[in-house]
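Thanks for making the time, everyone.

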Amino acid sequence: QVQLVESGGGLVQDGGSLRLSCAASGSIFSIGTMGWYRQVPGKQRENVATVTSGGRTNYADSVKGRFTISRDNAKNTVYLQMNSLKPEDTAVYYCYGRIRSGSYYGDYWGQGTQVTVSS
C-alpha cells in the first residue's frame with residue numbers, strides 16, 4: 001500500500017507565499033516523476049509543475065517565475081514553493097507520484113489540499 005499525504009495549504013493574501021509538501025510512504029520500490037496538479041470546481045484540472053527523479057522541472061506558464069518545485073528523494077517528498085500568489089491560484093492542489101510498488105508501476109495521488117488566495 002502506498003500513500004501520498006499533502007500538507008501546507010491554507011488561506012493567504014494576494015502576494016503572499018505558501019509551501020506545500022507531499023510525502024509518499026508505504027511499500028515503495030522507486031519513484032519516478034512527481035508533481036502537482038490543481039483543480040477549481042467546474043474547470044479542467046491543470047498540471048502545475050513536475051520534477052523528474054533526476055531533478056528536471058517543468059512548469060505551467062501561469063506559474064513560471066512564481067512557483068518552484070523540488071524533491072527530497074531520501075524522504076520521498078515533493079515540495080511546491082508558491083510565491084507572489086494571486087487570487088486565480090485558488091484551487092485544490094493535488095500531488096502525485098509515479099511509483100513502483102511491488103509489480104505495479106503507476107500514478108498515486110494525494111487527497112488534495114485547499115489553497116485560497118484572498119484579494
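Before I describe the pairing, let me say that two strands are counted as paired if DSSP finds at least two bridges between them. Please also keep in mind that what you are looking at is a predicted model.

With that in hand, look at strand 3, residues 18-26, and strand 8, residues 77-82, which run antiparallel and are joined by six bridges. Within that pairing, Leu20 has Leu80 in strand 8 as its bridge partner. These two strands belong to an open sheet of four strands, ordered 1-3-8-7 and paired in antiparallel fashion. Its edges are strand 1 (2-7) and strand 7 (67-72), each of which pairs on one side only, and neighbouring strands in the sheet are turned against each other by 15° on average, direction ignored.

Let me stay with Leu80 for a moment. Leaving out residues up to four places away in sequence, Leu80 touches Leu18, Arg19 and Leu20, and its other contacts include Trp36, Val48, Phe67, Ile69 and Tyr93. In the largest nonpolar core, which has 29 residues, Leu80 is among those that touch the most other members, together with Trp36, Met82 and Tyr93. Elements giving two or more residues to this core include strand 4 (30-39), strand 5, strand 9 (91-101) and strand 11 (113-118).

Finally, Thr50, which lies in strand 5, residues 46-51. Is Thr50 buried or exposed? Its relative accessible area is 14%, and because buried means under 20%, Thr50 counts as buried. Beyond its neighbours within four places in sequence, Thr50 contacts residues including Thr33, Met34, Arg56, Ile69 and Tyr96.

How values were computed: Residues are numbered from 1 along each chain as its sequence is written. This is a predicted model: local features need pLDDT of at least 70, side-chain atom pairs count only at pLDDT 80 or more; totals for chains, interfaces and linings use all residues. Side-chain values use heavy atoms; hydrogens and water are left out. Buried means under 20% relative accessible area, exposed over 50%, partly exposed in between (1.4 Å probe, protein chains only). Contact means heavy atoms within 4.5 Å. Axes are lines fitted to C-alpha atoms, for helices over the stretch in contact, and angles run from 0 to 180 degrees between N-to-C directions. A nonpolar core is a set of buried Ala, Val, Leu, Ile, Met, Phe, Trp, Tyr and Cys residues joined through side-chain atoms within 4.5 Å.
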